[in-house]
Amino acid sequence: MSDSETIAAGYAFTGPALDLGALLWDGAPLPDAQIRIPLPMLNRHGLVAGATGTGKTKTLQLIAEQLSAQGVPVFLADVKGDVSGISAPGTSNDKVAGRAAEVKQQWTATGFPAEFYALGGIGHGIPVRATITGFGPVLLSKVLQLNQTQEQSLGLIFHYADTKGLELIDLKDLRAVVTFLTSDEGRPELKNIGGLSTATAGVILRSLTAFEAQGMADFFGEPEFDTSELLRTASDGRGMVSVLELPAVQDKPQLFSTFLMWLLADLFHDLPEVGDAEKPKLVFFFDEAHLLFNDASKAFLDSITQTVRLIRSKGVGVFFVTQTPKDVPGDVLAQLGNRVQHALRAFTPDDQKALKATVKTFPNSSYDLEEILTGLGTGEAVVTVLSENGAPTPVAVTRLRAPESLMGPIDPATLDAAVKSSSLYGRYAQAVDRESAYEKLTSRPQPQETPKATAKSSAKSAPKEDESMVQQVVGSGMFKSLARSVGTQIGREITRSLFGTARRKR
């Protein structure tokens, strides 16, 4: 058996699979040697990498199309704004027809069912928001880069707000609770469970101000986005492609990374364990992944690493799309079993170093990968994936298929029309600012000055030191005032997950 036949045999899977393209051998495609990814292995995560202009986004689009066709929902983070075309049929031309003939592809112009989202409504798309309560103290501490003491204090603030029915919907709610708990009236509320120092409260408030300057105010609020919306299929059985439009916020990486952490944590804790399923429940694609990791805190990286490791068992696959593998931290890269590596450039010593490091991440092969990776054309890539038994397939130089949807953005008017015609638009478009912690605290009765005699009398009847925290709070004037508020959740603490996110009933 020749080397090319050995490689082709490594991709001859018996079960359902996605077709990437044809094996490229001695500069020519072998149409009968199809390079594929087993569908059940798509939850083992992957990487699509390559220099600018080598075809990464088209590869992302090609895989997303086939997943949708197989009934698998897809999430695409579209930083550059050029993935929206997946919703419209592609345009045939000589180049597309020629590519299809070379790789034995039956190309048909096809659009795929898609929903378009925008963080907090910044840009084109259905607004995606989260409440402060839903986001939780752990993730918020990480993105605010609080130290351990400050994180514990923030957790205490959330605990107090949860148990006393002070709904933390947006940033002003959290700011109001922090301010109250450091006031003369509020300071005794936490006396028996550690208290909140003025210095720590100041750090938290200053961090919130900087956080808001990054565009967070629009992201936090109601209605909160239900991440189960990403798991839907269309009426014809195809998986829904959820496109998060990010061009308007690509200069706000903290906004994007914050959303990513919350989204993954929310899905992770709500989805049941499924083990090795016949196909994924959902596959994520994060284009321009270097934006996720550039200047990221260690806490952020640790959170992503842990989530990527564990979310596979929930049936969710994660693909990172970036320029070089070195853009992805080593602990995350080690989890990515499916690799599509487009051409790399080697113009500088740093480029040469990155090239050598990339080659070392591939299984041993007869190829001179350093030479091949610098000579690949647009739409060509070095591929290795996990076979049906979980073992790496032979390295295969591949000429990739052409996407069947539009290779470029749809026009803004069409995009806006698609957003407004969505069944989800009425549910999430209009922001709601209902009564929550800020309104309750600002409208509470203000303490009145009392004569000295009355004050002395009150002192005699003050709660004893050994009186419980609950007894003190229940007896406070603020509690009685809040008890009269309609819809309050007093006495019912919110159950929080390992990541500190609030659990929601699906």
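View 1. Buried here means under 20% relative accessible area, with exposed being over 50% and partly exposed in between (1.4 Å probe, protein chains only). This is a predicted model, where local features need pLDDT of at least 70, side-chain atom pairs count only at pLDDT 80 or more, and totals for chains, interfaces and linings use all residues. Residues are numbered from 1 along each chain as its sequence is written, and side-chain values use heavy atoms, leaving out hydrogens and water. Phe116 sits in strand β5 (residues 114-119); helices (H or I, at least four residues) and strands (E, at least two) are DSSP runs, numbered from the N terminus. Setting aside neighbours within four places in sequence, Phe116 has contacts (heavy atoms within 4.5 Å) that include Ser84, Gly125, Val243 and Leu415. Asp78 is 38 residues away from Phe116 in sequence, and their C-alpha atoms are 10.0 Å apart.

**View 2. Helix α7 (residues 171-181) is largely enclosed by the rest of the structure, since 8 of its 11 residues are buried.** The buried ones are Leu171, Asp173, Leu174, Ala176, Val177, Val178, Phe180 and Leu181.

**View 3. Helix α6 (residues 148-163) packs against helix α8 (residues 198-219) at an angle of about 85°.** Their axes are 10 Å apart; axes are lines fitted to C-alpha atoms, for helices over the stretch in contact, and angles run from 0 to 180 degrees between N-to-C directions. So α6 and α8 are roughly perpendicular, the word for 65 to 115 degrees (under 35 is roughly parallel, over 145 roughly antiparallel, the rest oblique). Gln150, Ser153, Leu154 and Ile157 from α6 meet Thr200, Val203 and Ile204 from α8. That contact is made up of 4 nonpolar, 3 polar and no charged residues. Nonpolar covers Ala, Val, Leu, Ile, Met, Phe, Trp, Tyr, Cys and Pro, charged covers Asp, Glu, Lys and Arg, and the others, Gly among them, are polar.

**View 4. Helix α5 (residues 137-144) also meets α8, crossing at roughly 80° with axes that come within 10 Å.** Here, Leu140, Val143 and Leu144 of α5 touch Ser207, Leu208 and Phe211 of α8. By class, that's 5 nonpolar, 1 polar and no charged residues.

**View 5. Confidence in the chain is lowest in helix α20 (residues 477-483), with a mean pLDDT of 40, and highest in strand β12 (residues 396-400), at 97.** pLDDT is the predictor's confidence in each residue, from 0 to 100. Over residues 452-492 it's below 50, and beyond near neighbours in sequence this stretch has 54 contacts in the model.
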